[in-house]
Amino acid sequence: MTPPSNRLLELTNVGKHFGGVTALADVSLHIHRGDIYGLIGPNGAGKTTLFNVVTGLYQLDSGGFQFAGQSYTRCKPHLLAQAGIARTFQNIRLFANMSALENIMVGRHLRTRTGIWGALTRNAAARAEERATVQRARELLDYVGISAAHQTLAKHLSYGEQRRLEIARALATEPKLLALDEPAAGMNATETVALKALLQKIRASGITILLIEHDVKLIMGLCDRVAVLDYGKKIAEGAPEEVRRDPAVIAAYLGGETTEAPDGTTSHSTKPASGQVAGYRPQAGEGLG
Amino acid sequence: MKLHRSSGHLTLAIALLALPFIIDALFGHGWVRIADFALLYIMLALGLNIVVGYAGLLDLGYIAFFAVGAYTYALLGSPQFGLHWPMYVVLPLGALIACGFGVLLGAPTLKLRGDYLAIVTLGFGEIIRIFLNNLNAPVNITNGPQGISAIDPLQIGGFSFGSSYEWLGLRVDDVHLHYYLFLGFTLLVIFVSRRLEDSRIGRAWVAIREDEVAASAMGINTRNIKLLAFAMGATFGGISGGLFAGFQGFVSPESFSLMESIMVLCMVVLGGMGNVGGVVLGGVLLVALPELFRNAAGPVQQMLLGKVVVDPESLRMLMFGLALILVMLWRPAGIWPSTQRRREFDADDSVLHQEQETVYDASK
């Protein structure tokens, strides 16, 4: 076991249900500092619910979690952002009618202080802060590789650029943990490769990443540890290679008995050599996560 | 360029200063009075613009804050209680109390949005009016439907804005003086609006309007920022109300009906939500045009038909409704919208279709 101090985020028996539907049941997991932690599972497995719990959009029904040594059970999204959790959304939620630069400037809100008085008087401190905000926003645009688009409205950016802008906006909050909900969804192969490089760059800068992704190849190539959710339960956790061979995981993805799972030649697989799990591809219009 | 701009500002300043006398010379005293009211309404509309235009919170009871400001001034500066507090105390106090009411309205409605928020604010506006209407028993505070009269004029020291003065052979009447006073306040409100709009706070308001869930995930304390919008808007309403009471010398609950709230909202929407210039334009148009119409409708009918067929008063509302529909059809973002709002109404370029906030609603 790793010493707890190395754990940035630790979930303990987290439960969440909506009416009679159990979205998360007794999920416990922990994420080490500096890791890229993958969260996978079939549609409706509870991945996004877990995200929403950790980022404060949902209040959990049982259990709790620790982030950076602080315990949380009920917490507002902005306080968790303050504590250092930033996220992106599965269905991109940029401020559509603001420019790319303004989107990131909103992300700086948390780490800036100018209030009414500063805004009205535009005193030296307020002006300096505004300059620094613009400066930082430009750096982040550059960092994610869309600096040419700074004046473009978020809604006019291409899909891949929007994904990147969302990451830049999240980075503007100076997170310890960056939670990405299917960042590669809808990207083509080239964009996915570029995204992978970006995520590695972010990790190298010392930010821990929690990643929901359907592109199993991306997960396998990128993550240090992976957890698999199915019907709100964690069915496997560990290094990507172990998880991929886990019979329960194979069963969850292919819906068959574990003993029947063939070795990469099922009709689901598009790339047999990469194993059964890699054969899974997200269907259009999936939403529950 | 800079010189060009400052000379433009100078021209505008001279025009604004000369305006009441020009209006007076061309159209008469009554129209200067209308200009005074236009300025009061512009202040109101700018206050509402912060709530509706920037933060995107639909408030249908906004006139309540105007009422609070007006009654604060009326109660503390009239024979009603025998109090005659000076303007420089009562006006800020009215603004402060209105601000408090803004927070009072904002706090319980924080989780509401759209139509639901509109209904609650509408109710709030009516509650304030009905309170004012009924607070004459068992203890008479507001004088009920009769209203409060003989309110002190706006005055500072010995200088009263309600009197006439003669300077250098130029006769300056109360309507002119009020014009300058209101103009000063309006410019202040414009200044505050512009500065807030282009700041960290203003960006947070727009972010909440665009996507509240994302805004909160980015660390914006949506509760405080929304309350701030309500409080700022209400403060402007309170100032305007105090000025109104001092100008009019009389307040009664019927000045603060739902129709007034809707009127102010129309100024914001028609002029251009979120754009200070558009809102000012909306205020001017919606005060001036109906008056113009009222004055013109009778004579025009007389001339064309030989008699007055339709009462100009009812015709006025008809034309008003028609104008609203036409503007909404042709310029849905308002006559002079902010660039941002115009983008929103550009149907063609909705590349990103924002999905509705299922996340938030499911969490309740």
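Predicted model: local features only at pLDDT ≥ 70, side-chain atom pairs only at ≥ 80, totals over all residues.

**A walk through the two chains**

Guide: Start with chain A. Among its contacts with a separation of 6 or more, 64% join residues 24 or more positions apart.

Visitor: What are the scores of the model, ipTM and pTM?
Guide: ipTM is 0.85 and pTM is 0.86.

Visitor: Back to chain A. How many helices and strands does its secondary structure have?
Guide: Chain A has 10 helices and 10 strands.

Visitor: And what share of chain A counts as buried?
Guide: 49% of its 289 residues.

Visitor: Let's do sheets. What is the strand order in the open sheet of six strands in chain A?
Guide: The order is 6-7-8-3-9-10, and the pairing is mixed. Strand 6 (85-87) and strand 10 (233-238) of chain A are at the edges. Each has a single partner strand, so one side of each has no neighbour in the sheet. From one strand to the next, the twist averages 20°.

Visitor: Which way do strand 3 and strand 8 of chain A pair, parallel or antiparallel?
Guide: Parallel. Four bridges link strand 3 (residues 36-40) and strand 8 (residues 208-212) of chain A. For one of the partners, look at A:I36: its bridge partner in strand 8 of chain A is A:I209.

Visitor: Which strands does helix 7 of chain A lie across?
Guide: Helix 7 (residues 189-204) of chain A lies across strand 3, strand 7 (177-181) and strand 8 of chain A. Helix 7 of chain A runs at about 150° to strand 8 of chain A.

Visitor: There's also an open sheet of four strands. What is its order?
Guide: In chain A the order is 2-1-4-5, with antiparallel pairing. Strand 2 (21-32) and strand 5 (70-72) of chain A are the edge strands, each pairing on one side only. The twist here averages 20° from one strand to the next.

Visitor: How many bridges join strand 1 to strand 2 of chain A?
Guide: Eight, with strand 1 (residues 7-18) and strand 2 of chain A running antiparallel. You can find A:H17 opposite A:T22, which is in strand 2 of chain A.

Visitor: Where does helix 1 of chain A lie?
Guide: Helix 1 (residues 47-54) of chain A lies across strand 1, strand 2 and strand 4 (62-67) of chain A. Its angle to strand 2 of chain A is about 65°.

Visitor: Switching to chain B. What is its mean pLDDT?
Guide: The mean is 87, and 92% of the residues in chain B reach 70 or more.

Visitor: Where in chain B does pLDDT stay under 50?
Guide: Over residues 347-364 of chain B. The model has 24 contacts beyond four places in sequence for that stretch.

Visitor: At what angle do helix 2 and helix 10 of chain B pack?
Guide: About 70°, with the axes of helix 2 (residues 29-54) and helix 10 (residues 258-271) of chain B 9 Å apart. The two helices of chain B are therefore roughly perpendicular to each other.

Visitor: Which residues meet there?
Guide: From helix 2 of chain B, they include B:Y41, B:L44 and B:L48; from helix 10 of chain B, they include B:V264 and B:M267. The contact of helix 2 with helix 10 of chain B divides into nine nonpolar residues, two polar and no charged.

Visitor: Last one, B:F293. Is B:F293 buried or exposed?
Guide: B:F293 is buried, because 20 other C-beta atoms lie within 10 Å. B:F293 lies in helix 11 (residues 276-305) of chain B. Not counting residues up to four places away in sequence, B:F293 touches B:R316 and B:M319.

Note on methods. Residues numbered from 1 in each chain as written. Chains lettered and ligands numbered in written order. Pairing = 2+ DSSP bridges. Axes fitted to C-alpha atoms, helices over the stretch in contact; angles between N-to-C directions. Contact = placed C-beta atoms within 7 Å. pLDDT = per-residue confidence, 0-100. Buried ≥ 20, exposed ≤ 12 C-beta atoms within 10 Å, placed from the backbone. Parallel < 35°, antiparallel > 145°, perpendicular 65-115°, else oblique. Nonpolar A, V, L, I, M, F, W, Y, C, P; charged D, E, K, R; others polar.
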